[in-house]
Amino acid sequence: MSSADAIYEACIVRFRPIMMTTMAAIVGAVPIAVGWGAGAEARQPLGIAVAVEIIPNELSRPAALAHFVETLADDVRAGVCLDIGHARLAGDVVDAIENVSEHLIAAHVHDNRGRLDEHLLPFEGTVDWAAALTALQKVGYDGPLTFEVGALGAVRPTLAKLRDARTRI
């Protein structure tokens, strides 16, 4: 089998499970976020929120997500998860932070070289971390920073580098 045929076959095989997982997550999150169904009133004080994540596509760009969250504001506790690596792929990280600043409730921290979603450790790609962290401070973000890094080799050295990156941040 050629490489092209193998890639095509893998895409066909993986598409259905990916779409099923995505739809299950969406269908499962909407009643919780909107407060539908049995026990909805009990969930209200829990502060459950739905975070929509910046992903490098037209539907999930920072301005589009901010608009989406604003249209849900009266019915749903929702906000934006700023994925710094994805924001870098979509354009300027500081612009993304400023676009979603009023709706920012979570942040994913990883790096890339500007072309692929590599999930590198912070400071190992091309994200301008000084500018990004300054922008987060400027907009008053004090929520969680979730390190979202991929498999990068041996565990112990990777964790040591991650610890160093966390200290720098």
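First, a definition I keep needing: buried means under 20% relative accessible area, exposed means over 50%, and partly exposed is in between, with a 1.4 Å probe and protein chains only. By that rule Phe 123 counts as partly exposed, because its relative accessibility is 27%.

Ground rules. This is a predicted model, where local features need pLDDT of at least 70 and side-chain atom pairs count only at pLDDT 80 or more, while totals for chains, interfaces and linings use all residues. Residues are numbered from 1 along each chain as its sequence is written, and side-chain values use heavy atoms, with hydrogens and water left out.

**Overall layout.** I noted 7 helices and 4 strands; helices (H or I, at least four residues) and strands (E, at least two) are DSSP runs, numbered from the N terminus. Along the sequence the pattern reads α-α-β-α-β-α-α-β-α-β-α. The protein has 169 residues, and 28% of them count as buried. I also looked up the accessible surface: it comes to about 10700 Å², with 58% belonging to carbon and sulfur atoms. Those areas come from the Shrake-Rupley method with a 1.4 Å probe, and for residues only the protein chains shown count as cover. Then contacts, meaning heavy atoms within 4.5 Å. Among contacts between residues at least 6 apart in sequence, 66% join residues at least 24 apart.

In what order do the strands of the open sheet run? I read 1-2-3-4, and the pairing is parallel; two strands pair if DSSP finds at least two bridges between them. Strand 1 (50-53) and strand 4 (145-147) stand at the edges with a single partner strand each, so one side of each has no neighbour in the sheet. From one strand to the next the twist averages 30 degrees. For angles, axes are lines fitted to C-alpha atoms, for helices over the stretch in contact, and the values run from 0 to 180 degrees between N-to-C directions.

I zoomed in on one pair. Strand 1 and strand 2 (residues 78-83) are joined in the parallel sense over 4 bridges. Glu 53 stands opposite Cys 81 in strand 2. Helix 3 (residues 62-72) packs on the sheet and touches strand 1 and strand 2, its direction making about 165 degrees with that of strand 2.

**Around helix 3.** Ser 60 is in the loop between strand 1 and helix 3. Is Ser 60 buried or exposed? I put it down as buried, because its relative accessibility is 12%. Leaving aside neighbours within four places in sequence, Ser 60 is in contact with Glu 53, Ile 54, Ile 55 and Leu 65.

Ala 66 sits in helix 3 itself and is buried, at 6% relative accessible area. With neighbours within four places in sequence left aside, Ala 66 is in contact with Asn 99 and His 103. I checked the spacing for Asn 99: Ala 66 and Asn 99 are 33 residues apart in sequence, yet 7.0 Å apart in space, C-alpha to C-alpha.

**The loop between strand 3 and helix 6.** Most residues other than glycine have a negative phi, and most peptide bonds are trans. I found two positive values to jot down here. His 119, in the loop between strand 3 (104-109) and helix 6 (129-138), has a phi near 55 degrees. His 119 counts as buried, at 15% relative accessibility. Phe 123 lies in that loop too, and its phi is about 80 degrees.

**Salt bridges.** How many salt bridges does the structure hold? I get 2, taking a salt bridge as a side-chain nitrogen of Lys or Arg within 4 Å of a carboxyl oxygen of Asp or Glu. One joins Arg 113 and Glu 118, with the closest N and O atoms 2.4 Å apart. Arg 113 is exposed at 51%, and Glu 118 is partly exposed at 24%.

Glu 124 and Lys 161 also meet in a salt bridge, at 3.9 Å, N to O. Glu 124 is in the loop between strand 3 and helix 6 and Lys 161 is in helix 7 (residues 155-168), so the pair ties together parts that are 37 residues apart in sequence. I have Glu 124 as partly exposed at 35% and Lys 161 as partly exposed at 46%.

I picked out Met 19, which is found in helix 1 (residues 3-34) and is partly exposed at 36%.
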